[in-house]
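Please load the model in your viewer and get your selection tool ready. We will walk along the place where two chains meet.

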2 protein chains.
Amino acid sequence: MDKGLLVVISGPSGAGKGTIYSRVIERTGMQRSVSVTTRAPRPGEVDGIDYFFKTEEQYQQMIAADEFLETAAVYNNFYGTPKAPVFDNIDNGRDVLFEVDVHGARSIKRKYPEAIAIFVMTPSFEELERRLRGRGTETENSIATRLGSAKNELGKYELFDYIVFNDNIDDATERVLEIINAERCRVKNNINAITSLLK
Amino acid sequence: MDKGLLVVISGPSGAGKGTIYSRVIERTGMQRSVSVTTRAPRPGEVDGIDYFFKTEEQYQQMIAADEFLETAAVYNNFYGTPKAPVFDNIDNGRDVLFEVDVHGARSIKRKYPEAIAIFVMTPSFEELERRLRGRGTETENSIATRLGSAKNELGKYELFDYIVFNDNIDDATERVLEIINAERCRVKNNINAITSLLK
């Protein structure tokens, strides 16, 4: 059996990576990665399903033991992707899908270079601005900050294997699904299948 | 503008590469590569459409001038893929599709490493044998020869980027189309698009 794929969807805030991620999970039944966090559970959240909830001390021990594929601090809480369940899935031939920011994508690529990293981007920065503005929840300041970050993030395009221009969400989702199906056909992801045919 | 893709479909005789090639051309409108040959035109064949017809002397001059991406002798005739029209297409952003044997695929990869090489294979050698037998035109001898060649060809899997198991022709065609669409999303095939966004 060949390994499963580790696929990372990233891109600037507002480009649509979250929606594409949810749709791809729904369409493919790919494994989600459950994050570890130090923040308190919200009502209804279940440990091991929504997050693995840890104390800050436990989290720091996990960092020290190199148990994360990526970890980040957001405000006063930590969020991270634990290695063990991810590698358990891919070692058993199950594909895993992530939605992470560009820092997270870089960290995952460093620790697992075979990861497939997809950057989701609007067709233009003007369109990104229009979408951020359309949310109605962003201040002028935060729009300017997000646009600046987006330029910065796209500038790191060399970290990524693929770029999907999200002109409309159906087509963009389709393109991500095509990328995943194509990657399943890569020779390097079928070495065991091929060599067992040749036996 | 970014370059077009050079996509090569190959695989053993009987695995279905010819049918997939024709369907992909039909569905995508990708540019076909017109081969050069020294064989005489058959009734109805048009120079420059079906083949470029050349004398053996002209052909040898083209070989000497390194004008081929790949060239092969079949019985007493030569067949080859001329570089110039292919590079003219990809330099102008048009994707080109080829159907060649494994020797041809190797030769194209050597001369143009960015070529995307897809190996089309039956799900098993038993199935390949069944299909060859089903043609009703192959002798036992030629079936044995073709199966031997097929093993040999699959053994060269490292030459290829992708492998498509042709369990049924509709799915296999779909997978080749997905591979081509995915390759169009590769960051390395969108450098100009990305850098002009960043300007």
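A salt bridge here is a side-chain nitrogen of Lys or Arg within 4 Å of a carboxyl oxygen of Asp or Glu. By that rule, the count between chain A and chain B is 2 salt bridges. Select Arg186(B) and Glu183(A) to see their side chains paired this way, at 3.2 Å from N to O.

Before going on, note that this is a predicted model, where local features need pLDDT of at least 70 and side-chain atom pairs count only at pLDDT 80 or more, while totals for chains, interfaces and linings use all residues. Residues are numbered from 1 along each chain as its sequence is written, chains are lettered from A in the order in which they are written, and side-chain values use heavy atoms, leaving out hydrogens and water.

Next, select the whole interface: 30 residues of chain A are in contact with 30 residues of chain B (heavy atoms within 4.5 Å). Together the chains bury about 2600 Å², 73% of it on carbon and sulfur atoms; this is the accessible area (1.4 Å probe) lost on being put together, summed over both parts. Now highlight Tyr157(A), Cys185(A) and Leu197(A), which supply 24% of the area that chain A buries against chain B, more than any other three residues.

Notes: Buried area is the accessible area (1.4 Å probe) that two parts lose on being put together, summed over both.
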